[in-house]
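This report looks at aromatic rings and how they pair. The structure is shown below.

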Amino acid sequence: MLEPITPLVLFAVVATTTPGIATTLSTASGAQFGFRRSVPLLVGSAAGLATVTGAAAAGLAGLLLAVPSLQLAMKIAGSLYLVWLAIRIGRSGPPNLDVTMAGPNSFLGGAGIQWMNPKGWAMGLGAAASFAALASGPLQLALLLGATFGLAAAASLSLWCVAGMLLARLLKTEWQWRALNIVLALVLAASIIPMWRSA
């Protein structure tokens, strides 16, 4: 029974585990706040990806492809938001000394990142095209893709968050924290580049 969806599950696991915007934020949140306080971000990001892939499968991605100005607005808004997050991460210090990064650590922040990320829409559209035969119609395909990508994202982002927590245990001095935060901020800022390559 699971054989027909195994390729979809593998695709979702690989797509959600590879480094990108959400994985970088999950790592930074784990390092700064620990797992429990990162849960809203993780759940929001997983739910955001689930709704993006579901909406793409249901046909909303067609609207984005048909209206280039809407795509451009999403890219600009997403890029500005990510630059703002990167600056906040880069300027933060050790967890106990600086809690100014609390804003991005929210359900809506995690979901918003996915909704503004054209890569997520492209992933959903690609999955819808590749795995349409698994469902009897757009609604069933939307539910299947949304559930698969949402669960895969929840698992992979949890692992990235735990990796951030492990990194935090290795850091003993303020300059080590600053170095980690700057690296994470640069990786997050660099993740904006692929959004514009698809333009």
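The sections below describe the aromatic pairs, taken from a predicted model.

## Aromatic pairs

A pair of aromatic rings is described by the distance of the centres and the angle of the planes. There are two aromatic pairs in this structure.

## F11 and F131

F11 and F131 form a tilted pair, with 6.0 Å from centre to centre and 50° between the planes.

F11 is partly exposed, at a relative accessible area of 34%. F131 has a relative accessibility of 12% and counts as buried, because the cut-off for buried is under 20%.

## F11 and F149

F11 also pairs with F149, and this pair is edge-to-face: the centres are 5.9 Å apart and the planes are at 80°. Distant parts of the chain are linked here as well, with F11 in helix α1 and F149 in helix α7 (residues 138-170), 138 residues apart. F149 is buried, with 0% relative accessibility.

## The cluster

Which residues do the ring pairs link into a cluster? They are F11, F131 and F149. F11 takes part in the tilted pair with F131 and in the edge-to-face pair with F149.

Methods
Residues are numbered from 1 along each chain as its sequence is written. This is a predicted model: local features need pLDDT of at least 70, side-chain atom pairs count only at pLDDT 80 or more; totals for chains, interfaces and linings use all residues. Side-chain values use heavy atoms; hydrogens and water are left out. Rings of Phe, Tyr and Trp (its six-membered ring) pair if their centres lie within 6.5 Å; planes under 30 degrees apart count as stacked, over 60 as edge-to-face and the rest as tilted. Buried means under 20% relative accessible area, exposed over 50%, partly exposed in between (1.4 Å probe, protein chains only). Helices (H or I, at least four residues) and strands (E, at least two) are DSSP runs, numbered from the N terminus.
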